[in-house]
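Subject: Structure handover

Hello,

Here is the structure I promised to pass on. Please open it first, then read my notes below.

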Amino acid sequence: MSDRNDNHSNRNRSNQQSSGKKTWNNNQQSGQGQHKQRPQNNYNKGQRNNSNVKEITLPYDFISLPGKEGNTEYYYPYHRRDEAKKPPRHDLHEAEHLSGYISYLIKPCSPLVLELRETSEAGGPTDYWLSGSQIRGKLHSNVEVLSASYPEFVDDSEMLYRKITKGERYKQKLGITDDQGIEQVVKAGYLYRDNDGRFYIIPAVLIGDKHFVSVQELDIVNWENSVLPEKNRLFNWSAPIEREPMKQVMTKLSGKIKILDNDIRDLRKSHGIYPDEPISQAIQKLFTSDFVFTKVARRIKHEKDGIQTLTSEMLTKLRIKLQQYNTEQQLEELFAKLTTRWALKAEMYQIYERGSVKKTIAPYEKKVKYALSGKNVTRIDHASSDVEGGMTGMLFNSTNAGSKRAHYLIGKEQEDAIRIDVSDSLIISYNKAFEKIRLKSNEKDKDKEHYNIFKAKRDQNTEPQVVFYQIESEKRGSKLTAIGRTPYFKIPYDYQLDKLLGKKNEEGIDYASAMFGFVPMDSRQDHDEALHAYKSRLRFSPVRVCGEIRKQEKKFLLSTPQASAGAMYLKSNAKEIPTYEGPVENKNGRPNRTVPDPSLRGVKYYHVLPKTIPTIPDGIEESSSMLSNRQVYAPTQMEGKIHFKNLTEAELGLLLLAMDIKLLPDFETYNTEGKPYYELIGGAKAYGYGKVKFELLEIMLEQQGKSFESLVIAPFKAAEVEFSVFVNAFIEVMKRDSWLERIDIKRYVQSKLEREFESSDENHVNWSNMDEKRRELNQQNSGGGYPTDWILKSTEDK
C-alpha cells in the first residue's frame with residue numbers, strides 16, 4: 001500500500017536520452033542539491049529500537065548459564081575415553097565411593113497438581129503414590145545448575161518464525177526483493193502421497209509470470225457470482241460505513257486509486273523517472289519507512305484529522321528530501337497525486353482495521369475457473385461456469401491473520417511435471433512446528449487440522465492439498481527446503497538454541513550426566529573405547545502420599561512458554577527488542593552492521609508465589625476447549641527414598657544440596673531477610689501450585705564388610721557425619737579452577753524464595769491477567785502471544 005507496489009517496465013535508456021528527457025541518475029546530484037545519504041541505523045532492521053518498549057515481569061525468570069565474562073562454560077569432571085577419568089562402574093564397589101539411600105519428606109505448602117497412582121488391598125484403604133520420576137526431574141534440574149552441567153532437557157529443536165511486518169531479514173531469507181515479490185520466489189503446487197507412503201509435490205502452472213496470485217477480496221465480491229460464500233469471506237461487506245455498505249465505500253475508493261495509478265504512471269514516464277533511478281528509490285524509502293501504515297496506524301486511528309495531517313507532513317517531506325530534483329517545481333503535480341493516493345489507501349486501511357473484519361473464517365480450497373488479460377486476473381468463477389478463455393485453478397485461503405486482505409489463486413497441475421519428493425527430515429521439522437501451533441480463543445480444532453498436511457491417516461486416494469514451497473538447486477537436482485499451507489513460511493531463525501547454549505564437550509561427562517545417566521548421542525555402532533551410554537547411579541522410589549488426601553478436579557488455562565519468544569528469553573538492554581534474527585545482509589552477503597550474537601538469559605524457573613491465583617482468566621467460559629482438567633491434591637506430607645550407587649562424597653553432597661539449599665555455606669548472604677526456601681513440583685506452577693519443602697531425614701550407607709551382620713542383619717548403617725560434610729566436599733571440588741565463581745548461586749538461591757507481585761503492579765503479567773494487560777499496555781496488538789513491544793524485566797536487569 002505504498003509506492004513499492006507501483007512497478008513499471010523500464011524503457012531503453014538510449015531512447016530516453018535521445019528524446020531529450022531528463023534521467024534521474026547519480027550524475028544529476030551535484031552542488032548544493034547533492035543528495036545526502038541517511039546514516040545506517042546501528043540496530044537490526046528486523047529489530048525494534050524503540051524507547052517505548054514496555055518492561056514487564058512474568059510468572060517465570062531465569063538463572064544465568066555458567067561461565068565468566070559473558071562466555072558460557074560447562075564443567076566436565078569425567079571423560080568418555082580416558083580410562084582414569086571415566087565415571088564409576090555399576091557392577092563393582094569402588095574405594096572411597098558410597099552406596100545407600102536417602103530418606104526424605106516432602107511437606108506441601110500449597111495445593112499440588114499431580115498425577116498420582118492409586119493402590120489398595122482387598123477391602124483396605126486406598127494408598128496414593130507419586131512417581132519418583134517427578135522428583136528425579138526436579139533434582140536433575142537443580143544438579144545441572146549447581147554443578148555447571150550442560151542443560152540436557154532444554155528443547156533445542158529448530159525454532160521457526162515468520163515476520164511479515166518490518167521483517168527485512170525474513171524477506172531477505174525468503175528471497176523477496178524489490179524486483180521479485182512473494183509470488184515469484186515462492187512456488188505453489190499440490191501435495192500427494194504414493195502407494196509407498198512417500199509424499200511428493202506436483203507443481204502448479206504459472207499464472208502470468210507468477211507461481212500464484214493474491215486476489216483482493218474486494219475484487220472477488222465485486223464479480224458478484226457467489227464464488228466466495230459468506231463463510232469464507234474475510235470481511236462483512238454489508239457493514240455500514242457512514243450510512244453506506246462497506247463494499248460500496250471501498251469500491252469507490254479503489255476506483256479513485258486506480259485512476260491515480262494511471263496518472264502517476266504517466267507523470268513518471270513524462271519525467272523519465274524509472275524504478276532503478278535514485279529519485280524512485282528516495283520516494284519509495286519515504287513511503288515504506290516514514291509513512292508505512294503499520295508505523296502510523298495509531299495516528300490514523302486516534303488523532304483528529306490524522307490522515308489529513310499525515311498527508312500534509314508527507315508532502316512537506318517529499319519537497320524537502322527531493323528538492324534537488326524539483327528545482328523548477330516540475331514535480332509538484334506528481335507529489336500531489338502521490339500524497340492523494342496515499343490518503344485514499346490510508347482511508348481504506350482504516351476501514352479494513354475496523355470491526356467489519358471477521359474474527360474467524362473457515363479455511364478452504366475450491367476448484368474455480370479464472371480468466372486473464374495479459375498477466376492480470378480479470379475474473380474468477382465457479383468451476384462449472386462457462387468463462388470465456390477460462391482456465392482451471394484453485395482458490396485457497398487459510399485462517400484469518402487479521403491483516404489479510406486477499407485470497408490465493410493457484411493454477412492447475414503441470415502436465416508431465418517431474419514430482420518433487422518431500423524428505424523425511426523436512427516432514428519431521430514441519431510436524432514439530434505443527435505440534436506447537438496454538439489455537440486462539442476464537443479458533444477450533446479443525447482450523448489447526450487444516451495445517452496437518454502430513455497426517456498419518458492420509459493415503460494415496462485422498463484429494464491433493466494445495467501447498468506452497470521453495471527449492472534450491474543442487475548438483476544432483478533440486479532440493480525441497482520449505483513447505484507450508486501459506487506462502488509466508490515459518491523459516492529457521494539465524495540463531496538457534498543449540499548454538500546459544502554454548503559448545504558442549506562431546507568427550508566430557510558432567511556431574512548431572514554421570515549421576516543421572518545418559519543415552520547414546522547418535523546411532524553410531526563403532527566399537528572404540530568411548531563411553532557412549534551410561535546407566536543412572538540414582539534410583540528414585542515411588543513417593544508415598546501420607547495423611548488426609550483432599551482431592552478435587554479443577555480447570556486451568558495451562559500456557560507453555562516457548563524459547564522462540566526472544567524478547568523474554570534473550571538478554572536485553574531495555575531499549576531494543578532482542579531477536580534470534582541475524583542482521584540484514586548487503587548485496588555481497590555481508591551483514592550491514594556489526595553486532596554481538598544474542599545471549600540467552602539462562603535456565604527458566606517459575607516464581608514461588610505466596611498464594612494461588614485464579615486459574616481461568618476473565619472472559620473465558622469454563623466450557624472452553626482451551627482449558628484443561630487437572631486433579632488437585634492437598635496431602636499432609638509425602639515420604640520417599642533415593643537409592644544411590646558408587647557416588648563420591650562430592651556427588652552425594654551435590655545431591656543433598658539440590659534437595660536443601662540451606663546446606664550451602666553462607667546461604668544467608670543471598671537471603672538477608674531469612675525467608676523460607678521452597679521447591680516447585682507438578683503442574684500449574686505459574687498459578688502458585690506445587691509449592692513444597694524437602695526435609696532430609698537420614699542417609700543410610702551400605703556396609704562394605706563381608707561379615708554376616710553387614711551382608712544380612714544390617715546391610716545399611718546411618719552415616720556418622722553431618723550432611724554438611726558431603727556438601728563441603730562438593731564445594732571444595734567446585735572451587736578448583738574457580739568453578740564455583742562461574743555458577744549463578746545468587747539467583748539460584750533467590751529462585752527458591754517467595755516473590756510477591758502486588759495486584760497494583762501494572763507491569764506484572766500472569767496467565768490470569770494476560771488478556772487484560774495486553775489491552776492495557778498495547779491496544780493495537782491482536783492475536784495470541786506477547787505483544788511485540790514487551791520485554792522481560794528480569795532480576796538480572798535490576
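A search of the whole structure finds 40 salt bridges. A salt bridge here is a side-chain nitrogen of Lys or Arg within 4 Å of a carboxyl oxygen of Asp or Glu.

Before the details, some ground rules. This is a predicted model, in which local features need pLDDT of at least 70 and side-chain atom pairs count only at pLDDT 80 or more, while totals for chains, interfaces and linings use all residues. Residues are numbered from 1 along each chain as its sequence is written, and side-chain values use heavy atoms, with hydrogens and water left out.

**Salt bridges**

Start with K54 and D789. They form a salt bridge, and their closest N and O atoms are 3.3 Å apart. K54 lies in strand β1 (residues 54-56), and D789 is in the loop between α20 (770-777) and β34 (790-792), so the pair ties together parts that are 735 residues apart in sequence. Helices (H or I, at least four residues) and strands (E, at least two) are DSSP runs, numbered from the N terminus.

Are these two residues buried or exposed? K54 is partly exposed, at a relative accessible area of 25%. D789 is buried, at 7%. The cut-offs are these: buried is under 20% relative accessible area, exposed is over 50%, and partly exposed is in between (1.4 Å probe, protein chains only).

Next, look at D127 and R544. Their side chains meet in a salt bridge of 3.8 Å, N to O. D127 sits in strand β9 (residues 126-130) and R544 in strand β26 (residues 543-546), so this pair ties together parts that are 417 residues apart in sequence. D127 is partly exposed, with 27% relative accessibility. R544 is partly exposed too, with a relative accessible area of 39%.

E548 and R550 form another salt bridge, with the closest N and O atoms 3.5 Å apart. R550 is partly exposed, at 44%. There is also a network: salt bridges that share partners join R169, K173, D494 and E585.

**The chain as a whole**

The chain has 20 helices and 34 strands. Of its 798 residues, 47% are buried. The chain exposes about 41,900 Å², and carbon and sulfur atoms supply 45% of that. Accessible areas come from the Shrake-Rupley method with a 1.4 Å probe; for residues, only the protein chains shown count as cover.

Now the contacts. A contact means heavy atoms within 4.5 Å. Among contacts between residues at least 6 apart in sequence, 76% join residues at least 24 apart.

**Two sheets**

Two strands pair if DSSP finds at least two bridges between them.

Follow β13 to its partner. It runs antiparallel to strand β19 (residues 406-411), and 4 bridges join them. Which residue in β19 is the bridge partner of Q216? The partner is A406.

Another open sheet has 3 strands, in the order β7-β29-β27, again with antiparallel pairing. β7 (112-113) and β27 (551-556) stand at the edges with a single partner strand each, so one side of each has no neighbour in the sheet. Between β7 and strand β29 (residues 628-633) there are 2 bridges. L112 has Y633 as its bridge partner in β29.

**Helix α8**

Helix α8 covers residues 293-302, and its buried residues are F293, V296, A297 and I300. They cover an arc of only 150 degrees around the axis, which puts them on the same side of α8. The arc is that of the directions from the helix axis to the C-beta atoms. What covers these buried residues includes α7 (278-290), α9 (306-321) and α10 (332-352).

**Two positive phi values**

Most residues other than glycine have a negative phi. E69 has a positive one, near 55 degrees. E69 lies in the loop between β3 (67-68) and β4 (71-72), and is exposed at 77% relative accessible area. D666 has a positive phi as well, near 60 degrees. D666 is in the loop between α16 (649-659) and β31 (679-680), and is exposed at 56%.

Best wishes
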